[in-house]
Amino acid sequence: MAKAPARSRKSTPPKDNRERPAEPQRYKASKDELLQFYKDMLLIRRFEEKAGQLYGLGLIGGFCHLYIGQEAVAVGVQSALSDKDSVITGYRDHGHMLLCGIPPKDVMAELTGRQAGISKGKGGSMHMFSVEHKFYGGHGIVGAQVPLGTGLAFAHKYSGDGGVSLAYFGDGAANQGQVYEAFNMAELWKLPIVFVIENNQYAMGTSVNRSSAEDQLYKRGESFRIPGIQVDGMDVLAARGAAEEALQWVRDGKGPIILEMKTYRYRGHSMSDPAKYRSRDEVQSVRDKSDPIEHAKRELIEAGVSEDDIKTVEKEMRKHINEAADFAENAPEPEGGELYTDVLVESY
Amino acid sequence: MAIELKMPALSPTMEEGTLAKWLVKEGDEVKSGDIMAEIETDKATMEFEAVDEGTIAKILVAEGTDNVKVGAVIAMLAEEGEDADSIEAPSQADKAEAGEGANAAPKEDQPADKAPNAPESPTPHKVETGARKMFDAAEHDAENADPEIPEGTEMVKTTVREALRDAMAEEMRSDDRVFVMGEEVAEYQGAYKVTQGLLDEFGDKRVIDTPITEYGFAGVGTGAAMGGLKPIVEFMTFNFAMQAIDHIVNSAAKTNYMSGGQMRCPIVFRGPNGAASRVAAQHSQNYGPWYASVPGLIVIAPYDAADAKGLLKAAIRSEDPVVFLENELMYGRTFEVPKLDDFVLPIGKARIMKPGKDVTIVSYSIGVGVALEAAEKLAEQDIDAEVIDLRTLRPLDKATVLKSLAKTNRLVVAEEGWPTCSIASEIATICMEEGFDDLDAPVLRVTNEDVPLPYAANLEKMALIDADKVVAAVRKVCYVD
């Protein structure tokens, strides 16, 4: 048998045999844009803090997953969308909904289980939808939104409406088998979809390192030829820049793309999680060094926005959220008859 | 010693086929693995390979012959050293099996020197199985035409397979949002040929082959429905849909409710369900009761071709998610389908297949044939049974069942499926709760045995329902025995 040639020690990594997206650039936001990003992140932060408070008062029940700490991801990515595009996510969904333009009071009233809630009080925190705002849930089964989002992308391509589907999922969902079934079909059929992995480092209480053989999640599409980009998800402008690159890739008909957003949630997995799997110092250190809202605030001040103006924004936001909470607290519960409505669309 | 080449059985349910083409002629030498002929079954065109070596001595069934019975001798093979010219055709009795079209003239050569214990070529052995009994029972037609059909309508003989295909094709013609996806639905023309011809007519945008990835494509289909399309998702069998049941139940069925009625999911999940023939435990389950327990789903399980067509069209048009349970053994069965421009049947309405006054037999899907056969046997014993085909399992047409019970006062459910938590259990409960005063005897269930379906033919037969079991139950509720 012929000897295999000795492998060169200085072998360079194999050259890519296919096109790759360019390295995304941090988005150059105007002062107004940056202010809007700041407002949007603040909206989510204040909303979630209020939701946590109402949960503590017993006004919100069941499971309630807060987005605090991760705001820059959704704000950066969704600010790049057009109104033709669809959004779908898992159960940590409040923030994404607010960014789709759904009024905070409709979301908050759903959390308190009222008739005025976006799902008439029948869905709750994890199951909310708004076809009008192209927000398709709100899904309680970990990873289900990935094939469903791929189906939305299929519908965009089928109807030729030029829209893109944006499917968010976490580092936990990234280990579900159905995610890879969806990756395969999305690339095979060149569907217009951006898969956004919100890697907040903990799948409930299990850290990425303890659950993922390949913990660099942006590489998870490689065996399906789906390119991936790792992004600082604590920086709203980095998130926006990456979204621009990803959307361009998809809109050019090159098929799906993965954005791995490295982020962090400050609160427990859900309201009932004591978060004993990480130290208080770890959380505090992220808050001190990497908070996305504080980061944006510093940049606003550098851009010449006065501290007073920022204070005014914060004050207005608190008022806005308090109004939503008051509404959600005082709105009536669904009528008993609602129990039997909406099971089926038609009568048989 | 010449070898008889016999019409092969190329699928578990094949009884006869078309000898489409000979690829060899008399005098040709063949060796093991050579393709000798193309044979068409109701599902596919298959190649018929040589197993033994030798010379084709005689071709007894001409190409193009239809209805050649499995096991009929179609050619004679001379082995090495044998004189091909001296081979004789087998006796007339054997040839008669070759179907009306068999037109090969027997040669009047001298008889061959046949050894006394000449080894025969393997004869496809027709085992009597439980599935075969159900399959035979499925020849029974309804006595009652559906009341929705206008009088004087022309009836066209159609297989269940064609009826399903026609339903999809008609709906795809009238609504651009309708598309079909699943394993082998496009280029292969359907694993069971239900989607035959759809790719040609509608193209690969609307008839889509998927990878083997049930969970994934059930989710993609459901997402597409949420996005405004009307998908038909075919499962090669509902046994494989267990991988996908999360999306059927959690994503498709519950969305409308969870969204307060604003997000719809108009999708049809369809494919064969229940026992086929000798495919054993993992390919034989009836999922009717599983899906029928889920609020938010419509579950349909038709028996004959007309219902298959009319109800599949209704399912595709529905704004609700539908699980449409077909049956492999029924695909090749022929029934009359009304020739109407737009034949749509109502969802949620049972059908009285045979009126009767002494006892009610309730069934659905392939069980209806068994129930009709039982009714025939019972008629010989002066018991007049009414047979109801539920057709839709959810929402269940309780009114038709209870009305019949009020008339006959006795009821038996025949279900090709397990007994525990079955549709039969549900019917029994409904009779208890809402028809108690009409009952002259306890409701009895005739179901498959409470075991995973075995492979061995005798055990399979013991496990599945048949007409005799239904007859025995009816005699019991009539207090005859």
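Predicted model: local features only at pLDDT ≥ 70, side-chain atom pairs only at ≥ 80, totals over all residues.
In β5(B), B:Glu47 is the bridge partner of B:Glu38. The strands concerned, β4(B) and β5 (residues 45–49) of chain B, run antiparallel and are joined by five bridges. A hairpin of four residues leads from β4(B) to β5(B). On β4 (residues 35–40) of chain B there is also a pairing with β2 (residues 16–22) of chain B, again antiparallel, through four bridges. Within β4(B), B:Ala37 is the residue that stands opposite B:Trp22. As a general point for reading such strands, side chains in a regular strand alternate between the two faces of the sheet.

Further along chain B comes an open sheet of seven strands with mixed pairing, in the order β11-β10-β12-β13-β15-β14-β20. Its edges are formed by β11 (207–209) and β20 (392–394) of chain B; each has a single partner strand, so one side of each has no neighbour in the sheet. From one strand to the next, the twist averages 20°. Inside this order, β13(B) and β15 (residues 322–326) of chain B run parallel and share five bridges. One of the residue pairs here is B:Val268 with its bridge partner B:Val322 in β15(B).

The loop between β13 (268–272) and α8 (288–292) of chain B holds B:Ser284. Is this serine, B:Ser284, buried or exposed? A residue counts as buried when 20 or more other C-beta atoms lie within 10 Å of its own; B:Ser284 has 27 C-beta neighbours inside 10 Å and therefore counts as buried. Leaving aside residues up to four places away in sequence, B:Ser284 touches B:Gly274, B:Ala275, B:Ala276, B:Val279 and B:Leu453. For a sense of scale, 33 Å separate the C-alpha atoms of B:Ser284 and B:Val73, which are 211 residues apart along the chain.

The domain assignment divides chain B into domain 1 (3–100), domain 2 (154–338) and domain 3 (350–477). Taken over C-alpha atoms, the centres of domain 2 of chain B and domain 3 of chain B are 26 Å apart. Where these two domains meet, 23 residues of domain 2 of chain B are in contact with 22 residues of domain 3 of chain B. On the domain 2 side, α8, β14 (298–300) and α9 (305–317) of chain B each supply at least two residues. That side of domain 2 of chain B consists of 16 nonpolar, five polar and two charged residues.

Chain A contains eleven helices and eight strands. Its radius of gyration is 21 Å, close to the 20 Å given by the globule rule for 348 residues, so chain A is as compact as a globular protein of that length. The C-alpha trace of chain A spans about 80 × 60 × 40 Å along its principal axes. Of the 348 residues in chain A, 53% count as buried. Among contacts in chain A with a separation of 6 or more, 75% come from residues 24 or more positions apart.

The two chains also touch each other, with 33 residues from chain A and 37 residues from chain B taking part in the contact. On the chain A side, the elements giving two or more residues are α5 (145–159) and α6 (177–188) of chain A. Of these, α5(A) gives the most, with nine residues. By class, the side of chain A that touches chain B has 17 nonpolar, eleven polar and five charged residues.

Notes:
Residues numbered from 1 in each chain as written. Chains lettered and ligands numbered in written order. Rg over C-alpha atoms; globule rule 2.2 N^0.38 Å. Buried ≥ 20, exposed ≤ 12 C-beta atoms within 10 Å, placed from the backbone. Contact = placed C-beta atoms within 7 Å. Nonpolar A, V, L, I, M, F, W, Y, C, P; charged D, E, K, R; others polar. Pairing = 2+ DSSP bridges. Axes fitted to C-alpha atoms, helices over the stretch in contact; angles between N-to-C directions. Domains from an automatic or database assignment.
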